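User: Please examine the model shown here and answer some questions about its charged pairs and helix packing.

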Amino acid sequence: MSVASTNHESRITNPGSIVVVGSFNVDHVWTVAALPRPGETLSGQYHTGPGGKGFNQATAAVRAGAATTFVCALGEDLGGQLARALATADGLDLREHSSQAPTGTAGIYVDHDGRNSIVIGPGANADLPVDFVRSQRDVIHGAHVLLAQLESPLASIEAAFAIARDAGVRTMLNPAPADARVPASLLALSDVITPNESEFCAQLERHVGERVDASIVATQDDDTLHAWCRRLLPHGTVVVTLGAAGCFVSHADGALHRDARTHYRVPGAKVQPQDTTGAGDAFNGALAASWALRPDAAFADHLHYANRYAALSTESAGAAASMPRDADVRKRFG
């Protein structure tokens, strides 16, 4: 099968299995009354815990019920030990490259409304080699969905996507953070992309030349959003996450993933948010898990589940630690 093929009908996979390629960070979190302004010193409450977009998404996927493999780079330090212990506790299949760099870190500020600002120290995450990713070819070929973000080297993510596409494994790219320069070649290998408003606008400007203010995305009419999505990813599906408002989905005409419509919105679930850190990662991990576990269901069903999962994650503090179990989601929302 050629690298450009999008035919998934003939692949041989392990149903319900996911591979996540991405980052692990040790998060250092301060809860403050308001996010700090330049030059301002504030007092707040501190805690630390596991994070990194890749690990958050892998944790969400495995807790949502999918057999999940996490491909990453870790330092030989306490952060790396933490990642290994947590992976073992959750039954997460950890495939790590041992780096001489320290394990990644993040500094996170969260205000009383649950909003956050984050600074990342990549460390070992920037040291995930292409050759190591290629050494995971067998586990990628055996997956139902490959999920990645952009806190790891682009060349390594693209190598994973090329391996997946060669075997007909569905590819899902979360183009985060917003300042990541996503090459057109990686978009071409992506069946589904899942930007938030800021990430969507960043990629629209880079790849389409359309400058849009992120603050107005959620209020645009559906036809306008669909047109922008079709220009950004003509061959695939774009899911724009809209925070508490839910998400907007736009499919290519020939890739509806069992949906009846090319574009629509899925409303968010009603919760009492305490900390939105990791909510986007919760959505991505849960979406990939639901898609892998129930490949014959309509894509809209997977989006409803991912919205509920992500919403419930905001009622607990932390990133990876806040990811709920599938049973918790079903108990809460039915």
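Analyst: A salt bridge is a side-chain nitrogen of Lys or Arg within 4 Å of a carboxyl oxygen of Asp or Glu. This is a predicted model, in which local features need pLDDT of at least 70 and side-chain atom pairs count only at pLDDT 80 or more, while totals for chains, interfaces and linings use all residues. Residues are numbered from 1 along each chain as its sequence is written, and side-chain values use heavy atoms, with hydrogens and water left out.

User: With which residue does Arg332 form a salt bridge?

Analyst: Arg332 lies in helix 11, and its partner sits in the loop between helix 10 and helix 11, 17 residues apart. Helices are DSSP runs (H or I, at least four residues) numbered from the N terminus. The closest N and O atoms are 2.8 Å apart, and the partner is Glu315.

User: Is Arg332 buried, partly exposed or exposed?

Analyst: Buried means under 20% relative accessible area, exposed over 50%, and partly exposed in between (1.4 Å probe, protein chains only). Arg332 has 40% relative accessibility, so the residue counts as partly exposed.

User: Which residue meets Asp90 in a salt bridge?

Analyst: Asp90 belongs to helix 2 (residues 78-90) and the partner to helix 1 (residues 53-63), so the pair ties together parts that are 27 residues apart in sequence. Both side chains are buried. At 3.1 Å, N to O, the partner is Arg63.

User: Which residue is linked with Arg63 and Asp90 in a network of salt bridges?

Analyst: The structure holds 16 salt bridges. In the network, Arg63 and Asp90 are linked with Arg325.

Notes
Helix = DSSP H or I, 4+ residues; strand = E, 2+ residues; numbered from the N terminus.
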